[in-house]
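Biologist: Could you walk me through this one, step by step? I'd like to start with a single residue and then zoom out.

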Amino acid sequence: MPMLEALQAKDELNSVIKTRVEKACTLLDEGIPLYPNDFHRDTEIQDLWGRFGETSEEDLEASGQEFTVAGRVVSYRSFGKVTFFHLQDRTGRIQVYAARDDLGTEDYQLFKKTDLGDIVGVAGTLFRTKTGELTLKTKGFKLVTKSMRPLPEKYHGLKDVETRYRQRYLDLIVTPRTTEIFKIRSAVVRELRCFLDEKGFMEVETPMMQSIPGGATAKPFETYHNALDMKLYMRIAPELYLKRLLVGGMEKVYEINRNFRNEGISTRHNPEFTMLEFYWAYANFRNLMDLTEEMFSRVAMKALGTTVVPYQGEMIDLTVGKWTRLPFHESLEKVGGVPPEVYTDYDKCKALVKEKGEKVVEGEKLGKLQAKLFDILVEPKLIQPHFIYHYPTDISPLSRRNEDNPDITDRFELFMTGREMANAFSELNDPVDQRGRFEEQVKEKEAGDEEAHFMDEDYVRALEYGMPPAAGQGVGIDRLVMLLTDSASIREVILFPLLRPEVA
RNA sequence: GGGUCACUAGCUCAAUUGGCAGAGCAGCGGACUCUUAAUCCGGAGGUUCAAGGUUCGAUUCCUUGGUGACCCA
């Protein structure tokens, strides 16, 4: 038995698995295939509920219609000559009844070899039990896929979060909520696409591997292309490519795809995460605020059926018109309690940052200090949706300057539940200004800031051809799904979150 | 990177002051034709995360390491 030897070698053999493997060998000896591929179902479980959920026992009996279903055995209650179990497919669960008198002694004995976790096919008719539960009465039975490992405890389920993430397949089998979360995630992404398509945006795909990683302040992953003998970076954002498309005349574009950032892991950060970015020519950041309210409330309505969503004990109101719009500096004062004489004064600002326990890097600009104060004093307090706009130019190297005040930009970030959900701005399309901002970033990079931008000559060249005035936005999809599924950790909304390799 | 906590049977969890490592579920054998956390009887299942140390004796105390969770940077 090669399987036993392999498990033994990995020190994973326990008595339960051993018994199952031995049982499987018995089945093989009797000529029963463990992994056949000739079973076809004609009905999914949800269909049975949809069609017969309300049908009376009399009507079920009168019809006598036979159905074939398939799924995993997830619970089991066995008597001497009769057995009840629940069968689970992708659409739901239904109880199945198997009796010796219906199947015949030989088939019933064979059926009794079924283990919890096996995938089986059943042909049968519907009836109602004494308690009224819709149940399938087995007329024919077939093992479809043998399971060699025991499922977690039936009542408490799988609690260990590490196992839930490492063996997500197992989590999905036994934790209905997990499947539900990823169905919501799918609905959210589908609705975002639908919304943007309706508004005339076109979905595109731009490079995930870039020779100059741009569009965000973050540390990239590095890789290498052998044939071209060149260093490549996994993208930290698609922004600069999407804006090249604006230059090319694609006036409304979006991309939903993965970004990669070589940074720490936390309940809010996974090294690879999904971002929606969209760009809209002849619009500005205020148009984006309106669009965002509409988009978020519609996605919530489609995915959850409401625009007021519970998150970690708070009710977050995404209804259009309920969102607050507040200038960045005003938020420092009104929400953070920092008076203008402090936040406009470099030394006072620096002192306050230090007092709050944040490090100050030599040569850091006022805007960066203000941003640190914002992160500490304002962001955690923004529970309901807030657009914070007019960010300092120092920390917004790709945003258009405000026409009345060159020190601030026409940029906003969207906050709720004390977290950043989106970043958006009227795009900088002046190639001379853009070159200057890149040069500033290069200086910061040379001074040791690993997150500062690279110079991107081709991007500046594109702007020199003329990019129409536009506004663009990035939305963190994982965080949006966290909000809509009331998940405290980003790992709950990523199927396979990054973990250290399992040690033998 | 720092701090706190956790790691015991396949799963969910116990174990008094340092004194024979236990239960429920799953699995195995038996009884049982309407159960749904089925019930009843019987037996089986352990490198207590790892390596050191203290001790007559360590799941328990100490050190180091591993993995994870949460908080902070």
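Biologist: Let's go. Is Leu134 buried, partly exposed or exposed?

Modeller: Keep in mind that this is a predicted model. Count the other C-beta atoms within 10 Å of Leu134 and you get 18. Buried takes 20 or more, and exposed takes 12 or fewer. With 18, Leu134 falls in between, so Leu134 is partly exposed.

Biologist: Which strand is Leu134 in?

Modeller: Look for the run of residues 134-145. Leu134 has its place there, and that strand is β5.

Biologist: Which residues is Leu134 in contact with, leaving aside neighbours within four places in sequence?

Modeller: Here the test is C-beta atoms within 7 Å. Once the neighbours within four places are set aside, what remains for Leu134 is Trp49, Phe52, Gly53, Ile94, Leu126 and Arg128.

Biologist: How many Å separate the C-alpha atoms of Leu134 and Ser56?

Modeller: Along the chain, Leu134 and Ser56 are 78 residues apart.

Biologist: Zooming out, what share of the contacts in chain A with a separation of 6 or more comes from residues 24 or more positions apart?

Modeller: Chain A has 504 residues, with 18 helices and 18 strands. Take its contacts with a separation of 6 or more, then pick those between residues 24 or more positions apart: they account for 64%.

Biologist: Which residues touch the most other members of the largest nonpolar core?

Modeller: That core has 71 residues. Its largest share, seven residues, comes from helix α11 (residues 285-304). Apart from this core lies another one of 18 residues, including Ile45 and Phe111. Back in the largest core, the ones touching the most other members are Ala471, Leu480 and Leu484.

Biologist: Now the RNA. Which element gives the largest share of the surface near RNA strand B?

Modeller: There are 46 residues around RNA strand B, and Gly80, Phe84, Thr129, Thr131 and Glu153 come nearest. They divide into 15 nonpolar, 16 polar and 15 charged. Elements giving two or more residues include α2 (15-29), β2 (82-89) and α7 (161-166). The largest share, four residues, comes from β1.

How values were computed:
Residues numbered from 1 in each chain as written. Chains lettered and ligands numbered in written order. Predicted model: local features only at pLDDT ≥ 70, side-chain atom pairs only at ≥ 80, totals over all residues. Contact = placed C-beta atoms within 7 Å. Core = buried A, V, L, I, M, F, W, Y, C linked by C-beta atoms within 7 Å. Near = placed C-beta within 6 Å. Nonpolar A, V, L, I, M, F, W, Y, C, P; charged D, E, K, R; others polar.
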